[in-house]
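This report covers the confidence of the model and the strands of its sheet pairings. The sequence and structure come first.

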Amino acid sequence: MTFAQAAPAVAATVAATTGAVVVTGGTGYLGTRLAERLLARGHHVRLLVRSTAAGRAATGAEVIVGNALDSESIATALQPGDTLVHLVGTAHPNPARAAEFEAVDLASIRAAASAASRTAIAHLVYVSVAQPAPVMRAYVAARAAGEAAIAASGVRATILRPWYVVGPGHHWPIILTPLYALAACVPRWRGAAGRLGLVSLEQMTQALVRAVEEPPASAIEIVDVPGIRAAA
């Protein structure tokens, strides 16, 4: 079943989803599109945003001004039974920004996992990164530590592991497409080519919506690049 074919079942799906969908990073590259899609599908969307970003919130979303690096602040936006989608991270990550991966990416998910555990939310959705990877080691390490924080929290979670999300302002990796095609033809490179493949912004948005609407039965579910692509 495609995403479009599933549209008639949206009302029943939303009715079965407990609580609001709270998004940190909800005015960013992924968050803006996700908030709009969730609202269109009938979800109650609550955004935790900085005061300077409140004006960019999707129309129809409830806005809570707060600090996504502070556990107590995140907790003010959460209620038992909510789903928390954590999208906070360093924009345009590159090896020179390793300190930010610790101070922003890792600090924010640790704060989010702590708040989620104390508030007894239903489900945490986290965008991590494909692992293992031969480059961007500091970034991968910070995201892996974030996954560990989620596991330690005991909160039911879905962890998505894209490598690069291609969309407006994020098109340069398309030039690597011939290399991906070549790697897919070589057996010993095929696994890495799939794990470190590109996904579109639309595929990523749809995968996030599916994660919200179809939480795992228990524990933690990992969705890698092939799984993200399959959500489209």
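pLDDT is the predictor's confidence in each residue, from 0 to 100. This is a predicted model, in which local features need pLDDT of at least 70 and side-chain atom pairs count only at pLDDT 80 or more, while totals for chains, interfaces and linings use all residues. Residues are numbered from 1 along each chain as its sequence is written, and side-chain values use heavy atoms, without hydrogens and water.

The protein chain has an average pLDDT of 87, and 81% of the residues score at least 70. Over residues 1-16 pLDDT stays under 50, and the model has 13 contacts (heavy atoms within 4.5 Å) beyond four places in sequence for them. Where pLDDT is low, the predicted coordinates should not be read in detail.

Strands (E, at least two residues) and helices (H or I, at least four) are DSSP runs, numbered from the N terminus. Buried means under 20% relative accessible area, exposed over 50%, partly exposed in between, with a 1.4 Å probe and protein chains only. Strand E2 (residues 45-49) is largely enclosed by the rest of the structure because 5 of its 5 residues are buried. Val45, Leu47 and Val49 lie on one side of E2, Arg46 and Leu48 on the other.

Two strands pair if DSSP finds at least two bridges between them.

| Strands | Sense | Bridges |
|---|---|---|
| E1 (residues 21-24) and E2 | parallel | 4 bridges |
| E2 and E3 (residues 62-65) | parallel | 4 bridges |
| E5 (residues 123-127) and E6 | parallel | 4 bridges |
| E6 and E9 (residues 220-223) | parallel | 4 bridges |

Within E2, Val45 stands opposite Val21, and Leu47 has Val63 in E3 as its bridge partner.

In strand E6 (residues 157-160), Ala157 and Ile159 point one way, Thr158 and Leu160 the other, and all are buried. Thr158 stands opposite Val125 and also opposite Glu221 in E9.
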